[in-house]
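Subject: Structure for your files

Hello,

Here is the structure we talked about handing over. My notes on it follow below.

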Amino acid sequence: MQADEIRSLADLAGEGTRVLTTLVRDIHRGIAGRVFGTIGPAAAPVRVVHDTTASTIYSLVDHAVRGSLYGAGALAANTCSNEDDETIEARPRIAGVLAALNGIYGDEMTNRDNGLALTMQIRRKGLPVGLSRDAIATAFPKATSRIVVFTHGWCMTERSWWRAPRTGEELRPYGKRLRKDLGYTPVYLRYNSGLHISQNGQALADLIDRLYAVWPVAVEELVLVGHSMGGLVSRSACHYGQQHEHAWTDDVSHVVCLGSPHLGADLEKGVNAASFVLAQLPETRGVSKFLNTRSAGVKDLRYGALLDEDWQDCDPDEFLRDRCQEVPFLPGAVYHFVSTTAAPRAVGLLMGDHLVRPKSAAGQGKYRSIPFDAAHGLILAGLNHFDLLNHPSVYDKLVTWLSGQQTAEQTMSVG
């Protein structure tokens, strides 16, 4: 393990203990406040002593634990590190854990300049690919003029596209098959899903713009495929790319969103509602604050926020308010959605895939509507949210769409 990684892990552990200490302190304070409030003015002198003592103790514990962790990290970095070791984020299992931490807490990790905070990068075989001509030529020796960019979902990495299908079939990832069948060069991304979707959208727009400048051959066509949050990041990137007049937006032929919560995810709405309710009582206010430490990225999933204007100058923890503005599609691109239900159709339309309801994935809401054409959508039954990462029915539809075959919306039961 390298020295900067050890220091970053120590910093992350120290920040974790601070969050937990704050949670315990706030719960203690809420319970004590209820007790002293019940007793009345007579308890005021005792309350002053209690509050002062408790505050001092929690502060001392917090500083002592964090100081010890930082010190241990610095010592380990100087004595136990090996700069020749493989970086921990290149190891698939550890990379998955770091991606989850970034998804939950990645905005704060970035704000703290933690070395384990992810950035928007092209990845190949687990390693970052620099945006120079030599690096791209080495990573993509058989680059073609047709590129397909794969963007993973919340708390995941580019390795998610290698998910083994539950059908039991040994299927290669979509990218490899599209290379063989249609001549697309697959490009896989890894990014910090704890940042705002709009921040990742702008980063993706800039990355593609830079990629165009160093791609070994002239690009004739660009396809964006995103799973879950990745579909929202792709849509955001198209908006910001067009806003900044990036040439690549003219080459986008298809944007494919697999199980993306265009109108929001029920799980995030539920956490927001629970946090609001818990904040009403002093005994549970600390739990509410703890829940609200979740990342900006996951809060954006509440209603599918794609733009800076959707979250700037407002309380990110306000109770179930949709501030999202509409984001037009690129005029020259065809946008596709794939939704799925984990249960038979009658029940599945209500339950969805346990994370995203079909109407949200298809952009069909009561007050908001995303302009998908039904002919460019696919509704599957009997699959869960993650089956969309590698499933024969999804791949068959990808080939149909990308090869220019126009068909009506299909509803299939595959469970």
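**Helix α6 and the rest**

In α6, the buried residues are I197, S198, N200, G201, L204, A205, L207, I208, L211 and V214; buried means under 20% relative accessible area, exposed over 50%, and partly exposed in between, with a 1.4 Å probe and protein chains only. Helices (H or I, at least four residues) and strands (E, at least two) are DSSP runs, numbered from the N terminus.

This is a predicted model, in which local features need pLDDT of at least 70 and side-chain atom pairs count only at pLDDT 80 or more, while totals for chains, interfaces and linings use all residues. Residues are numbered from 1 along each chain as its sequence is written, and side-chain values use heavy atoms, with hydrogens and water left out.

Helix α6 covers residues 197–214, and its end C-alpha atoms are 26 Å apart, in agreement with the 26 Å that its 18 residues should span at 1.5 Å a residue. The expected span is 1.5 Å times one less than the number of residues.

Helix α3 (residues 92–111) falls short on that count: it has 20 residues, and a straight helix would reach 28 Å, but the end C-alpha atoms are only 25 Å apart. A kink of about 90 degrees is centred on Y105 in α3, the bend at a residue being the angle between axes fitted to the seven residues ending there and the seven starting there. Y105 is itself buried, and the other buried residues of α3 include L98, N102, D107 and M109. After α3 comes D113, with a positive phi near 60 degrees.

- R123, in strand β1 (residues 121–124), is buried at 4% relative accessible area. Its side chain contacts that of Q121 at 2.7 Å. R123 and A139 are 16 residues apart in sequence and 9.2 Å apart in space, C-alpha to C-alpha.
- K299, in helix α10 (residues 296–300), is buried at 12%. The side chains of K299 and D317 are joined by a polar contact of 2.8 Å.

Lastly, F276 is in helix α8 (residues 266–278) and counts as partly exposed because its relative accessibility is 37%.

Regards

Notes: A polar contact is a pair of N or O atoms within 3.5 Å; within protein, one must be able to donate a hydrogen and the other to accept it, and residues adjacent in sequence count only if both atoms are side-chain atoms.
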